[in-house]
Amino acid sequence: MIREITENDFDGLMKLYMELHDNPFPEKDEKVMAVWKRILDDKDHHIIVADVDGVIAASCVCVIIPNLTRGQRPYAFIENVVTSAKFRRKGLASACLDYAREIALSHNCYKMMLLTGSKQQGTLNFYEKAGYNSSDKTAFIQWL
């Protein structure tokens, strides 16, 4: 089932995120839980998950960003696309991205963007198959 995150999904999401950039499971301290609450309370911040029998198997984040150009239409930014190793190649990440697209359309977004640090051709092909291209824009990152 593809759905948006709920308050009770913290542990499952963090377990999945351990497979993203080798993130450690965070301590549920005041700082981490404040960030979690802020995300849950933000109507423009959507964490989409593929729930397989109660296990969060894949996820992506879709943030809707207000905009003063393009007729004041917002745009969507996609981040943290991840599928647990044992659930890959089942269409779950694609389904999460499709759900994100529906959210973006419902908010009248004029575009969706995502960045990937992967240079693996399979990952790049996956994003192209999902409807993204790498020819329209050039991304630059400044790490802080």
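The legends below describe close-up views of a predicted model.

Local features are given where pLDDT is at least 70, side-chain atom pairs count only at pLDDT 80 or more, and totals for chains, interfaces and linings use all residues. Residues are numbered from 1 along each chain as its sequence is written, and side-chain values use heavy atoms, with hydrogens and water left out.

**View 1. The largest nonpolar core.**
This core has 22 residues. A nonpolar core is a set of buried Ala, Val, Leu, Ile, Met, Phe, Trp, Tyr and Cys residues joined through side-chain atoms within 4.5 Å. Buried means under 20% relative accessible area, exposed means over 50%, and partly exposed lies in between (1.4 Å probe, protein chains only). Those with the most contacts inside the core are Ile48, Cys60, Cys62, Ile78, Val81 and Leu97. Two or more residues each come from strand S2 (45-52), strand S3 (55-65), strand S4 (75-83) and helix H3 (92-106). H3 gives the most, with 7 residues. Helices (H or I, at least four residues) and strands (E, at least two) are DSSP runs, numbered from the N terminus. In soluble globular proteins, nonpolar side chains tend to be buried together.

**View 2. A salt-bridge network at Arg3, Asp9 and Asp51.**
Salt bridges link Arg3, Asp9 and Asp51 in a network. A salt bridge is a side-chain nitrogen of Lys or Arg within 4 Å of a carboxyl oxygen of Asp or Glu. By this rule the count comes to 5 salt bridges. Asp9 and Arg3 pair at 2.6 Å, N to O. Both Asp9 and Arg3 are buried.

**View 3. The Asp11–Lys28 salt bridge.**
The side chains of Asp11 and Lys28 meet at 2.8 Å, N to O, in a salt bridge. The pair links distant parts of the chain, 17 residues apart. Asp11 sits in helix H1 (residues 10-17), and Lys28 in the loop between H1 and H2. Asp11 is partly exposed, at 32% relative accessibility. Lys28 is also partly exposed, at 47%.

Helix H2 (residues 30-41) has 12 residues. The expected span of a helix is 1.5 Å times one less than its number of residues. For H2 that gives 16 Å, and the end C-alpha atoms are 16 Å apart, so the two agree. At the start of H2, a side-chain oxygen of Asp29 comes within 3.3 Å of the backbone nitrogen of Lys31. An α-helix has 3.6 residues a turn, so residues three or four places apart point the same way. Asp41 is exposed, with a relative accessible area of 52%.

**View 4. A nonpolar surface patch.**
Leu115, Ile141 and Trp143 make a nonpolar surface patch of about 390 Å². Patches are made of residues with over 30% relative accessible area and no salt bridge; like charges are joined within 9 Å, and nonpolar side chains (Val, Leu, Ile, Met, Phe, Trp, Tyr) within 5 Å. Accessible areas come from the Shrake-Rupley method with a 1.4 Å probe; for residues, only the protein chains shown count as cover. Leu115 lies in the loop between strand S5 (112-114) and helix H4 (121-129). Leu115 is partly exposed, with a relative accessible area of 36%.

**View 5. Loop residues with positive phi.**
Asp53 has a phi near 50 degrees, a positive value in a residue other than glycine. Asp53 lies in the loop between S2 and S3. With a relative accessible area of 77%, Asp53 is exposed. Arg89, also not a glycine, has a positive phi near 65 degrees. Its place is in the loop between S4 and H3. Arg89 counts as exposed, at 86% relative accessibility.

**View 6. Selected C-alpha separations.**
Glu4 is in strand S1 (residues 2-4) and is partly exposed at 30% relative accessibility. Glu4 and Ser59 are 55 residues apart in sequence and 9.3 Å apart in space, C-alpha to C-alpha. Leu124 lies in helix H4 and is partly exposed at 29%. Between the C-alpha atoms of Leu124 and Ser134, 10 residues apart along the chain, the separation is 8.9 Å. Arg101 is found in helix H3 and is partly exposed at 45%. Arg101 and Pro74, 27 residues apart in sequence, are 13 Å apart in space, C-alpha to C-alpha.

Conventions
A polar contact is a pair of N or O atoms within 3.5 Å; within protein, one must be able to donate a hydrogen and the other to accept it, and residues adjacent in sequence count only if both atoms are side-chain atoms.
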